[in-house]
Amino acid sequence: MKSYFENYESLHDSSFEDFMAHQLSSSLCQGIPDNWNVGVRLSVRELSLVGEGSHRHLSSSIRLQIAAASIPKLPAHLCEVIVIQRLPLGVFADPFELQNPHKHKAFRDIAVFGDTNLELPSFQSNRSAVEFHIDAGFNILFMQNNGTEFNLLLPLHARYQPLDESGYSVVEIGEPDMLMRCSVEGKQHKQSCLFMSPPNEKAKSTSATVAWKIPAGMKAHAGFVSVITFVTALLSTLSIVYASMFLSGTKVSKT
């Protein structure tokens, strides 16, 4: 994602997919035969939202499969799975929350890219993405025929939504993008090689997208809410003024 945002100002699906298909795939690896990439398969087995209200968790189950003939050739201890979860408008991940080492110690690295302003409403914000780096070396060494699975639990928060007469705004979260990176000893120096599942071998999860129904304000209620807000603010101000004028002389004993 850092490389993507060096070339693009904001996150758009068409731009990102073009970046993954052309700019990223063109530099996968120079030192490994092409047939190695066929043996790597990453797929999302399950995608779901956990919890209620405006603060939920996105649960993802990811399966890594590698052809048996390719496992001995891979530098197992230097491989990692990279998962990129693109988020729609109206939903964000708190970068400060994700930096908690006790909750996310299973990840080698985790970062949020794009719009990280937590205070902006949906209609004033831009999209963001979360990138996970998961150590896969140990899992590759003991991988069975059916592969190995990684479970991710990403805390998400809803932004304030634009007015909608239905009282709700629906946002859809799609499957993450996945690839595997290995550090390979070259003739002169180490180089990183990326492996992605071929498009025709990608397996779809039981739920390709999940929908989040977020409460939104109704235009018909705008006048009533404005009046209540104004009256509440006025009463609070008068209470502060009264307390400062008539209670400021209260004496406090030394004890």
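This report describes the fold, the nonpolar cores, the aromatic contacts and one annotated segment of the structure above.

The model is a predicted one, and the protein in it has 5 helices and 11 strands. Of its 255 residues, 40% count as buried, while the accessible surface comes to about 15500 Å², with 55% of that area belonging to carbon and sulfur atoms. When contacts between residues at least 6 apart in sequence are considered, 76% of them join residues that are at least 24 apart.

The largest nonpolar core has 37 residues, and those with the most contacts inside it are Leu64, Val130, Phe132 and Leu156. Strand S7, which covers residues 148–158, gives the most to this core, with 5 residues. Apart from that core lies another, of 13 residues, with Tyr4, Leu24, Leu179 and Leu194 among them. As background, nonpolar side chains in soluble globular proteins tend to be buried together.

The structure holds 6 aromatic pairs, and two of the pairs, both involving tyrosine 4, are set out below.

| Pair | Distance between ring centres | Angle between planes | Arrangement |
|---|---|---|---|
| Tyrosine 4 and tyrosine 8 | 4.7 Å | 20° | stacked |
| Tyrosine 4 and phenylalanine 19 | 5.7 Å | 80° | edge-to-face |

The pair of tyrosine 4 and tyrosine 8 is stacked because its planes stand at 20°, which falls under the limit of 30 degrees. The pair of tyrosine 4 and phenylalanine 19 is edge-to-face because its planes stand at 80°, a value over the limit of 60 degrees. Tyrosine 4 lies in helix H1 (residues 2–5) and phenylalanine 19 in helix H2 (residues 13–24), so their pairing ties together parts that are 15 residues apart in sequence.

Finally, the unreviewed UniProt entry lists residues 222–245 as a "transmembrane region". In the model, the span of residues 222–245 is 100% helix and 0% strand, and its end C-alpha atoms lie 35 Å apart.

Key: Residues are numbered from 1 along each chain as its sequence is written. This is a predicted model: local features need pLDDT of at least 70, side-chain atom pairs count only at pLDDT 80 or more; totals for chains, interfaces and linings use all residues. Side-chain values use heavy atoms; hydrogens and water are left out. UniProt positions are given in the numbering used here, feature names are shortened, and annotations may be inferred rather than shown by experiment. Helices (H or I, at least four residues) and strands (E, at least two) are DSSP runs, numbered from the N terminus. A nonpolar core is a set of buried Ala, Val, Leu, Ile, Met, Phe, Trp, Tyr and Cys residues joined through side-chain atoms within 4.5 Å. Buried means under 20% relative accessible area, exposed over 50%, partly exposed in between (1.4 Å probe, protein chains only). Contact means heavy atoms within 4.5 Å. Accessible areas come from the Shrake-Rupley method with a 1.4 Å probe; for residues, only the protein chains shown count as cover. Rings of Phe, Tyr and Trp (its six-membered ring) pair if their centres lie within 6.5 Å; planes under 30 degrees apart count as stacked, over 60 as edge-to-face and the rest as tilted.
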